[in-house]
Each structure stands twice: as C-alpha cells, then as structure tokens.
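I'm keeping a notebook while I click through this one. Here is what I looked up, in the order I got to it.

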Amino acid sequence: MLPELLQGVDTGGLLVIQDSASYSGRHLLQSFINAALNREEAVHVLGFEVSEEELKDGLRGSPVQRLHFHNAYTDPLGWTDHPAFTVHQFCLGELTRLVKQTSHSKPAILVIDSLSWILRHVSTPDVCRTLQQLRKGGAVRSIIGLLHADMHQRGTVGSVCHSATSVITVEPAMRGDEAVAKITKRSKSGKVIQDEEIFRIKDDLTVLVQSKSSKGAKKADSEEQETDPTANLTFNLRLSDTEREAKQKLALPFVFSKAKKTALLHSGPGSGRIHYEPDANDDYDQEDPDDDLDV
Amino acid sequence: MAAPMSSVGKPSAERSPFNNTSFQKKTRSKLISIPGTRPSVQNGQLLVSTGVTSLDYLLGGGLAVGTVLLIEEDRYDSYSRMILKYFLAEGVVCRHELYVAAAQDNPDDILQELPAPILDDVAMHKPAEQPRLSREPPDALDAMKIAWRYQNLPKVQTALASSSRFGHYYDVSKTMEPEIRQAAKCHRFYLPEHPTQSSPPHSTMLESYSALLKSLQEVINREGFDVAAPMSNSRNILRIGLHSLGSALWGDDLCCHDNPKNGRALTTFLYGLRALLRSSLSVAVVTLPSHLIQDRAIMGSITRLCDNAIALESFKGSERETNPLYKDYHGLIHVRQVPHLNCLASKLPDHKDLAFKLKRKQFSIERLHLPPDLSDTVSRVSRGELAGATTVASACGSGSSGNKHLDF
C-alpha cells in the first residue's frame, strides 16, 4: 500500500509518519516530497529540524523549482529581530498567507518537518485544531507531517494520529537498509485498512517494497463471481425466444380469469385476514448452520 | 429522576400508534404518550429506543428519557459512530427532534450517512402505501402468476422488521432517503463555526463546552422540551448526539497529556449536561475516545457521571483479529455502568462476556460463545502419539497419559 500512498494523499488528508530514534523517517518523507514534485505539484516545506541545504541535498535529482522551503531552522522561536518563520506563526491565517503568496493556482501540499518540534512549543489541542482548519480550508491540498513518537506522551501521539487519514509507523527491519512500515489508512466511508510492508529507499528516493510481512495480509472482500449454472452441461437448459413465448402462452391449470382474481383478492367484509408478526424464531440465518446451537 | 408526569385531565383519546389492538387500559393516565417511547416494565420510566434492539435489551429495555449514554469509542471510531447514527436514525423514524454536535466532522455529514430504515409497517413518508385498488393496471396482477392470492399482503421481512414500533431495523448498506431525513427537525452545533471567546480565568469549563451547553439550553427552552414548560398536547423528545467529546479538537487536553490541565472540564460539562437533561424531555448519547485518556481516575469519574456507559473494543488492528475464538465477531462490548434511577440497585446484565457483530441489517450483541471445534484432530488420535504412549504405558502404567490413547 505504500506505493499507492506515494501516488498521492487524498484531498483534505493528513498523513503522519511516525518514527523513533532507531529509524529516522526523514528519508521516507523525502521520498514523499520527491514523488509530489515529480507529479508537478507545489510543495511547501516547514523546516524546523533540518536546514534548507540539507533537505535539498537529499533531493538532488528532483525538480526543485516547485519546492518552497520556509526556513524555520535558523530562528524558530523568534529570538532575533527578524525571524524567517517562528513556531508561533503556526496558525491558520499565517500559514494560508504563506502558502498563497508563493503558490500557483492549484492548492499545494504542505510538508511539516517536524510536528514534534511544534508540539513542544504549542499546545496539542491548538495544533490539532490548526491542522483540522488547514485541511478544511482550500489553500492546502493535503498535509504530510513527521512525528517522533518517542518524544511525546502516548496521549499526544494518539490525539494527533486520531484525526489523521493515514498513519505510517516506520521501524528498522532485520537487514540494515530495510525498514518495516505499518500503515493504517482510514477512508472517508469509515473503512480502515491496515498493512505491513518491508521497504527500502533507493538512492534516487524511490521506494522499493520488498515484500509484505505475513501478519499484514489484508483480507479483501471479493465479490463472488456468479457462475452460470446452465453452462457446461450435457443437456440444454436454455430457452430460445420461440420456446419462451410458448411457455408464456401455456395456460396453467388453476389460473382464473382476471375478474375472478380481483373478486377473490379484494374479499368482502367478514372474511379472515392473516396477521403475521415475525418473532425471534424467524431470525434464522440460513448461512449460519450453528445459529441454533446453545453452546 | 421522576418520569415526566403531566396531569392530563382526560385520558388520551387517540389510539397510540404502537398498539395493535383496540384495547385501551381504562386509567387516568398520567404519562404522556409520545410516539416512539414506551414505559419501562421494570420501573415505569419512559424509555426510548437507541436504534439497536440488542443494545436496548442490554440497557434494560431502552434509554430512559433524561439520561446520558456514554459510548467509549473503539480505536478507529467506526462502531461507535455507527451506534450514534443508529440513534439519530431512530429519532428520524420516530419523528423526534435531533441535536447533533461535533468538532471534527460537520454534523450535516453525519446526518447524511444515516442508515436507511427497513420500512415494513412504518407508514410514514411513503407515498405508495395505499392498498391496491381494483383499478390497478393489469400488469401488476400478472406480476404474480401462480401465487396471486398473496399479492396484496405486505412483504414480510424475516429479518424482523419491526412489528412493535419501539425498535426499528436499519439497512447499513443504504443511506436514508433525503425526504425522510428532512422531515425531521435537526439542530446542529459545529464547533469551528463558533468563535472561541476567552473564558473567565477561574472557570473550570472550557469555552467550547460552555458554548455547547448554552446552545443546548437555548434549544431546549425555545422548542419547549422543558418539563416545566406549559403543557401542550404534542410533546416530543429531543435526541442529542455529541460526537467525540473530550478529543483534542474540542480544545480539551484530556486526551493529550498524562496530567491534563483541564482535567475537570469534561466532568463539569457532563454534570451540567445531566442537570439539563433531568429537567427536560431529552436523551443524550455521548461518544468519547477513551483509549486516548491515560488517567484512569478521570475516566472513572466520567463513567460515574453518565447514567449508562458501554465501551466498545474492536478487533481491528489488534492481535485478536486473527484469534480463532473471535472470528465471528467484530469486537467486544463491555458494560461499564447501568443506571439506577430512583432506586438503590439496578438489574445488571447476566453475562460479562459480550461481543458484537455488525451485520447488514442488524447490529447484534451476543454472548461470546466458542465456535464449534471443527478441526480434524479433535476426536482422532494421531499415530505418532499413540506409538509414544504405549511405551510409556508399559513402563509405569500411570492413568493420565495412558487413558487418552486407549485403543480397543
């Protein structure tokens, strides 16, 4: 499922990449940025943790003219007189203005590196509210954020991921250059899909999915294919058109004329009527043969 | 809480819609007869249905008017949201008024996803309900060629479409038709539309909760749900659905930190909500993401403040999903609290091991029973074991290991 997520996050979606000290999720984040740039979308990056050179260094091969980096690395808390972007500017109005002033006609993708930095200085309800407002507003198409799960309390991580559309948790795998990604994706209809994959990031920042881990095999509900019972028989069960007409014309033994039918149907006063109320015994599920087992 | 009493001078002349007989008890009835409610057989409280008949049974017949049902959400909020939708859909079908409040999704979105009722004998809003008359086009009579005597009878659904009109059944795969939904009056509260004013410094409640409580109070007073309001013939019930209260989007950090600063904001709100409900003809269902709350003491006090409390635990995503014990079910349901209204103790459910399953036409809650053991090795003995056992039996003749492999 990782390649599908790389193709594009749905409009109004929030993707959270959870990493920990044992494996950094920044490479995966760069893969997402790379994939978005290759799709010719404008990407705005709020960089708190790495400098612009370091990020662009990782994105060597990609078209970087659509990448707008907002420097929050040099002075995030506004200690100097002219900070570029401070953490206190993380609110709906400021971010919308920032995205709109440099962006093209299409709404952009906002990448936050990282959410943990913001959560240290802004309260969690405010961060969640800002993310929610950004998603509902029209300036930003989708948001991708990096979250260091071991830096926060469980409730904080849970609250941020509770409103996220997709969450990818990355952990180191057996082999050195591989990693395990546990993906949870919530669709708009409320369906939750979970998957677990082993992947490797190549030098040009494309993601190579090695295999699916055995635990993560997703049971897909497949529609049963209707097999035609009249096929592959030694005798003919189908009807041709003339045969069908002859069948319709056949007079059935107890068929009455229309007048007699209506007379019988709309019976006069005094005849009995059947009131049937289904009770618990009618709740017999044909598919479940053990429904009546009293175990 | 007293059941809403009204000193009606004369007994109600009209037939209540849920009686199928013409027999009327000759009492000077002091209970208001509101469509979609019925008095409890245990203590005479006025009950409404939650929309899920198995849940009604679990709660002792239904939700008492004036109480709060707390649903602790499952991890991905799928089944708790489903129960909230059932509750609201039941309100639409019974013609109650609805009030929906949410911080994450627009209440209109929740209202558009309501499941379609299986309308068998619910005779409202269906235009084609008239009995077939004789000037029917002949095509319809030919529709049933052989079983034509059964044409005029209504279709009987064996999935227990309601005959009692207290609980209804819903088809989850379809959404409710807009005509039916728009016939019901809905009040909405969407938190982002209410700009937050600064709260007074010593208040224990957050602005979002105060705004919600004020809005509720205003709706109750304006629409006449207050019990103290002057009696009119038509009383109705207000069904309140509060989605995901306590989550970070309401401005509450109860779910975010281990030691939240606003630890008492939600409990204060629930106290105020219950006071409002006790003095009005309304029922509330509150869902809460309790898996995010780390402080169990606050969770305990939240549970005590609501009259009914259930917790849903879905198997999705946990290691229990592949456990063969649970393969028939979608999750477990835990009853945390049953109400004791006007009494010291109440009827607890018999079994604690309850599981739920969301089928297309029914949300069923059952006692967890083991699936039958259909594996091959149950009653047969494998050859390897037998060979090993005979050597042991000959050596020491102890009963326990040898009995299993007695071969006659």
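This is a predicted model: local features need pLDDT of at least 70, side-chain atom pairs count only at pLDDT 80 or more; totals for chains, interfaces and linings use all residues.

**Entry 1**

Chain B has a mean pLDDT of 76, with 71% of its residues at 70 or more. For the model as a whole I wrote down an ipTM of 0.70 and a pTM of 0.73.

**Entry 2: the two chains**

Chain A is 295 residues long, and 42% of them are buried. I listed nine helices and nine strands for chain A. Chain B has 408 residues, with 46% buried, and its list runs to 10 helices and 14 strands.

I also looked up how far along the sequence the contacts reach. Taking contacts between residues at least 6 apart, 64% of those in chain A join residues at least 24 apart. The figure for chain B, counted between residues at least 6 apart, is 71%.

**Entry 3: Leu63(B)**

I picked a residue and asked myself: is Leu63(B) buried or exposed? Leu63(B) has a relative accessible area of 0%, so I put it down as buried. Leu63(B) sits in strand β3 of chain B, which covers residues 63–64.

What is Leu63(B) in contact with, once neighbours within four places in sequence are left aside? My list has Leu46(B), Leu47(B), Val48(B), Thr50(B), Leu69(B), Phe87(B), Val283(B), Val285(B) and Asn308(B). I also checked Thr37(B): Leu63(B) and Thr37(B) are 26 residues apart in sequence, and their C-alpha atoms are 9.6 Å apart in space.

**Entry 4: helix α2 of chain B**

Helix α2 of chain B runs over residues 79–93, which is 15 residues. From first C-alpha to last I got 21 Å, close to the 21 Å expected at 1.5 Å a residue. How many residues of α2(B) are buried? The count is 15 of 15, so α2(B) goes down as mostly covered, with buried meaning under 20% relative accessible area. Just after α2(B) I spotted Arg95(B), which takes a positive phi of about 65°.

**Entry 5: a pair of helices**

Two packed helices are described by the angle and the distance between their axes, so I looked up both. In chain B, the axes of α7 (residues 265–278) and α8 (residues 296–305) come within 10 Å and cross at roughly 5°. Angles under 35 degrees count as roughly parallel, so α7(B) and α8(B) are roughly parallel to each other.

Which residues meet there? From α7(B) I wrote down Leu266(B), Thr267(B), Leu270(B), Tyr271(B) and Arg274(B); from α8(B), Ser301(B), Ile302(B) and Leu305(B). Sorted by type, the residues of this contact between α7(B) and α8(B) are five nonpolar, two polar and one charged.

**Entry 6: Ser247(B)**

Last stop was a loop. Ser247(B) lies between β9 (238–242) and α7 of chain B. Is Ser247(B) buried or exposed? Its relative accessibility is 5%, so Ser247(B) counts as buried. Apart from neighbours within four places in sequence, Ser247(B) is in contact with Asp252(B), Cys255(B) and Pro289(B).

Technical notes:
Residues are numbered from 1 along each chain as its sequence is written. Chains are lettered from A and ligands numbered from 1 in the order in which they are written. Side-chain values use heavy atoms; hydrogens and water are left out. Helices (H or I, at least four residues) and strands (E, at least two) are DSSP runs, numbered from the N terminus. Buried means under 20% relative accessible area, exposed over 50%, partly exposed in between (1.4 Å probe, protein chains only). Contact means heavy atoms within 4.5 Å. pLDDT is the predictor's confidence in each residue, from 0 to 100. The expected span of a helix is 1.5 Å times one less than its number of residues. Axes are lines fitted to C-alpha atoms, for helices over the stretch in contact, and angles run from 0 to 180 degrees between N-to-C directions. Angles under 35 degrees count as roughly parallel, over 145 as roughly antiparallel, 65 to 115 as roughly perpendicular and the rest as oblique. Ala, Val, Leu, Ile, Met, Phe, Trp, Tyr, Cys and Pro count as nonpolar, Asp, Glu, Lys and Arg as charged, and the others, Gly among them, as polar.
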